[in-house]
Amino acid sequence: MTARNEIREKIAIATKMLLAERMIGPFGHCSARVPDTDLFAILGHKDDHVKDASEIGSDDVVLINEEGIVVEGDLDVPGERHIHLEIYKKRPDVQAVVHAHPFGCVAFSIVGRSPKPIWHLCTVFAEGIPIFDSSIQIDTPELGQKVSEVLGAHKAVLLKGHGVAVVGESIEDATVSAVSLERSAQLEITASSLGDVREIPTSELTEDLVSLGLTKDEFVSAQWDYWSFRIQERHKG
Ligand SMILES: [Zn+2]
C-alpha cells in the first residue's frame, strides 16, 4: 500500500471512530499531511449523499493543496478545512488534525473553561487547553489563522459553542487523543455532579502515568487498535 493510500485508509477508520463516539455527524473531519509532499488528506463529501458509516472508505478522502484546492479526488471538501491548513502552516510538528463537535467539550467551551487533568488516560492535555472565544464558522484562512494562534503550542483548542481541534504526531495520535479528551470531559461533568472535582496533581503527572508504562507510540497504538476492533465489530453483518 502506498503512503498516501495508507493515510486515506487511516482517515476513513478515524472517521468511523469519531462517528461511533458521536463526536462528528454530517460535519467534522480528520486530516493528515501526505509525507514528502505539500499536500494534505482530508475527508471529502457530496452534499446530496450522506453515507452510512459502514460505507465510508479511502475513496472518501481527497488530497488538497496548501490553498485548500482539491488536487486528487472527485469530492467537495469542508469549508472548515482552513482550521486544518492554518494549523499545519504554524505547527511543523503536527502531522494530523481532528476537528469535531463533541457535546462534552462544547459544554466546557460554553462556560468558558477547559477540562482539567482528572483521568489518568487523558493527562496529555494537562498543560491546558485554550479556548477560541468565538462561535463563528472557521471557513476562511484568516479565521483559521486566529484559531491556530490560540492553539499555539498546545495539543487542543476548544472552539466556543462549536467544537474542538486536536492535533497529533499521527492520525492515530490525533484521533485517540480527541476521543480521550471528550471522554475525560464527560467524566468530569459526571464527577462534578457527585462532588468537588479533584485534579491529578502536577507531581503525579509523570511520563509513566501518561503512558501507563508503555512507550508513547505503544500507548497510542493500543488505543487505536482497540477502537479499530470496535469499529470492525460494529460494522459486521
Ligand atoms: Zn466545526
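Predicted model: local features only at pLDDT ≥ 70, side-chain atom pairs only at ≥ 80, totals over all residues.
The chain comprises 7 helices and 8 strands. Its radius of gyration is 17 Å, close to the 18 Å that the globule rule gives for 237 residues, so the chain is as compact as a globular protein of that length. The C-alpha trace extends over about 50 × 40 × 35 Å along the principal axes, and 41% of the 237 residues count as buried. Among the contacts with a separation of 6 or more, 69% involve residues 24 or more positions apart.

The 8 strands form an open sheet of mixed pairing, in the order S4-S3-S2-S1-S5-S8-S7-S6. Strand S4 (70-72) and strand S6 stand at the edges with a single partner strand each, so one side of each is left without a neighbour in the sheet. Strand S1 (residues 29-33) pairs with strand S2 (residues 40-43) in the antiparallel sense over 3 bridges, and within this pair Ser 31 is placed opposite Ile 42 of S2. Strands S2 and S3 likewise run antiparallel and are joined by 4 bridges, with Ala 41 standing opposite Leu 63 of S3. A further 2 bridges connect S3 to S4, again in an antiparallel arrangement, and Ile 64 has Val 70 of S4 as its bridge partner. The hairpin of S3 and S4 has 5 residues between the strands, and in it Gly 68 adopts a positive phi near 90°. The side chains of S3 are divided between two directions, Val 61 and Leu 63 pointing one way and Val 62 and Ile 64 the other, and all of these residues are buried.

Helix H2 (residues 81-90) lies across S1, S2, strand S3 (61-64), strand S5 (96-100) and strand S8 (163-168), and runs at about 155° to S2. Helix H3 also packs on the sheet, where it touches S6, strand S7 (156-159) and S8, its direction making about 70° with that of S7. Within H3, the residues Gly 104, Cys 105, Val 106, Phe 108 and Ser 109 are buried, and the elements that cover the buried residues of H3 include S6, S7, S8 and helix H5 (171-192). Just after H3, Gly 112 takes a positive phi of about 75°.

The loop between helix H3 (103-111) and strand S6 (131-132) contains Thr 123. Thr 123 and Ser 177 are separated by 54 residues in sequence, while their C-alpha atoms are 9.8 Å apart in space.

A further packing arrangement involves helix H1 (residues 3-20) and helix H7 (residues 216-234), whose axes are 10 Å apart and meet at an angle of about 75°. This angle makes H1 roughly perpendicular to H7, since angles of 65 to 115 degrees are classed in that way. On the H1 side the contact is made by Ile 13, Lys 16, Met 17 and Ala 20, and on the H7 side by Trp 227, Ser 228, Arg 230, Ile 231 and Arg 234. By class, the residues in the contact of H1 with H7 comprise 5 nonpolar, 1 polar and 3 charged.

Notes. Residues numbered from 1 in each chain as written. Pairing = 2+ DSSP bridges. Contact = placed C-beta atoms within 7 Å. Axes fitted to C-alpha atoms, helices over the stretch in contact; angles between N-to-C directions. Buried ≥ 20, exposed ≤ 12 C-beta atoms within 10 Å, placed from the backbone. Rg over C-alpha atoms; globule rule 2.2 N^0.38 Å. Parallel < 35°, antiparallel > 145°, perpendicular 65-115°, else oblique. Nonpolar A, V, L, I, M, F, W, Y, C, P; charged D, E, K, R; others polar.
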